[in-house]
Amino acid sequence: MYIQNVSKTYRQKEVVQEVNLKLSEHKLTAFIGPNGAGKSTLLSMMSRLLEKDCGDIYISGNEITTFKSKELAKKLAILKQSNQIDLVLTVRELVSFGRFPYSQGRLTEEDHRLIEEALHYLGLDNLADRQINELSGGQLQRVYIAMILAQDTDYILLDEPLNNLDMSYAAQLMKVLRRLVDEKGKTVVIVLHDINFASSYADEIVAMKAGQVVYHDITEQVIQKPVLDELYEMNIQVCELAGKRFCLYFNE
Ligand SMILES: Nc1ncnc2c1ncn2[C@@H]1O[C@H](COP(=O)(O)OP(=O)(O)O)[C@@H](O)[C@H]1O
Ligand SMILES: [Mg+2]
């Protein structure tokens, strides 16, 4: 995925500033950076949910504005930072929405298989027949993620999907995403606010600040004290445990 000179301005404030980025295919790339850096805005433009003011975004060699909506929905799925659906639906029905670009409601065997697989990946087998308005925040978040996975796209964009998830489900989701990258060759782009999840699971990290990409490199290069201190304007300790780097950021 290529992002070329992409900008977005809100009320005379350029919140995404001429971003140029080449995201590696078949990798898990984490976006990090302080609140308001422009991560969600950029992800929304990458998925065409939000119109860019200028620039180009290429997926498989084609600019995103050239895709028909249904074709784009077969190529790329996005989970936004906040989702709200006020419909009376079961978990399985909401997850099956992910198949809509393919089946328009007439589900095939393949659709059913992908729906059950997505339910299983997110640990939702026992909740599949429950109404979504009876779920906890974390359970509902997992249902939305399952819907995105059921869409079975080459590109999966997730904006802070760990929100509301307990540690166990958060780690489980990251492992599922790794498997999708490693075994199915998906390209996963994920906004994470906990840099330890980025450090443990991402291949590459894009760090954004004030509308710009300030770093884009393999994870080991970005998870370094000088880089993170500058990015978050904090005193962050980076330590190593079991061959992985961890950041301590709450004991100044
Ligand atoms: N719809 C909008 N209208 C006006 N300003 C917005 C809108 N969406 C985002 N912004 C502003 O753009 C900046 C970047 O926001 P966002 O992309 O959500 O940052 P991040 O996801 O990195 O926290 C913020 O200053 C935010 O207030
Ligand atoms: Mg955001």
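**Close-up views of the ligand site and the nonpolar cores**

**View 1. A backbone N or O atom of Ala-37 lies 3.1 Å from an oxygen atom of ligand 1.** The model shown here, as in the other views, is a predicted one. Gly-36 also takes part through its backbone, with an N or O atom 2.7 Å from an oxygen atom of the ligand, while Lys-39 contributes a polar side-chain atom that lies 2.8 Å from an oxygen atom of ligand 1. On its own, ligand 1 has 560 Å² of accessible area, and the protein covers 64% of that.

**View 2. Strand E2 (13-22) and helix H1 (39-46) are the elements that give two or more residues to the shell around ligand 1.** Helix H1 gives the most, with three residues. Among the residues that surround the ligand are Tyr-10, Arg-11, Lys-13 and Val-15, together with Pro-34, Asn-35, Ser-40 and Thr-41.

**View 3. Val-95 belongs to the largest nonpolar core, which has 56 residues.** In soluble globular proteins, nonpolar side chains tend to be buried together. Within this core, the residues that touch the most other members are Val-95, Ile-32, Leu-149, Leu-177 and Ile-190. When neighbours within four places in sequence are left aside, Val-95 is in contact with Ile-115, Ala-118, Leu-119, Val-143, Ala-146, Met-147 and Ala-150.

Technical notes: Residues numbered from 1 in each chain as written. Chains lettered and ligands numbered in written order. Predicted model: local features only at pLDDT ≥ 70, side-chain atom pairs only at ≥ 80, totals over all residues. Heavy atoms only, no water. Near = heavy atom within 4 Å. Polar contact = N/O pair within 3.5 Å; in protein donor to acceptor, adjacent residues only side chain to side chain. Areas by Shrake-Rupley, 256 points an atom, 1.4 Å probe, with all protein chains shown as cover. Helix = DSSP H or I, 4+ residues; strand = E, 2+ residues; numbered from the N terminus. Core = buried A, V, L, I, M, F, W, Y, C linked by side-chain atoms within 4.5 Å. Buried < 20%, exposed > 50% of the residue type's maximum accessible area, 1.4 Å probe, protein only. Contact = heavy atoms within 4.5 Å.
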